[in-house]
Amino acid sequence: KANLLQEQLTIRKTKIVCTMGPACWSEETLGRLMDAGMNIARFNFSHGDHAGHGEVLERFRKVAGEKQSNVAVLLDTKGPEI
């Protein structure tokens, strides 16, 4: 019974959402964010362009694949332009 309680205490119910900005676009920094527990990478389309975000997304997917990390991607678009 003590082991069951211990396992329940280690389950994290909160999520860590990281907004992808220029400071974290390198593969090294993306990997460090994943190692630190990032669950969701948020891309803010109010800033930057589609090509720039696409390049970062490619690097993000490469690092996630290398680390075998299951991290979600959130595309935050400009509301009125949908």
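**Helix 3 against the sheet.** In this predicted model, helix 3 (residues 50-67) lies across strand 2 and strand 3. Its angle to strand 2 is about 170° (axes are lines fitted to C-alpha atoms, for helices over the stretch in contact; angles run from 0 to 180 degrees between N-to-C directions). Helices (H or I, at least four residues) and strands (E, at least two) are DSSP runs, numbered from the N terminus. Local features need pLDDT of at least 70, side-chain atom pairs count only at pLDDT 80 or more, and totals for chains, interfaces and linings use all residues. Residues are numbered from 1 along each chain as its sequence is written, and side-chain values use heavy atoms, without hydrogens and water.

His53, Val56, Leu57, Phe60, Val63 and Ala64 are buried (under 20% relative accessible area; exposed is over 50%, partly exposed in between; 1.4 Å probe, protein chains only). They cover an arc of only 130° around the axis, so they sit on the same side of helix 3 (the arc is that of the directions from the helix axis to the C-beta atoms). These buried residues pack against helix 2 (27-35), strand 2 and strand 3 (contact: heavy atoms within 4.5 Å). Ala51, Glu58, Arg61 and Glu66 are exposed on the face turned away from the buried side.

**The end of helix 3.** Gln68 follows helix 3. Its phi is positive, near 50°.

The open sheet has the order 1-2-3, with parallel pairing (two strands pair if DSSP finds at least two bridges between them). Strand 1 (17-19) and strand 3 (72-76) are the edges, each with a single partner strand, so one side of each lacks a neighbour in the sheet.

**Strand 2 beside strand 3.** Five bridges join strand 2 (residues 40-44) to strand 3. Ala41 stands opposite Val73 in strand 3.
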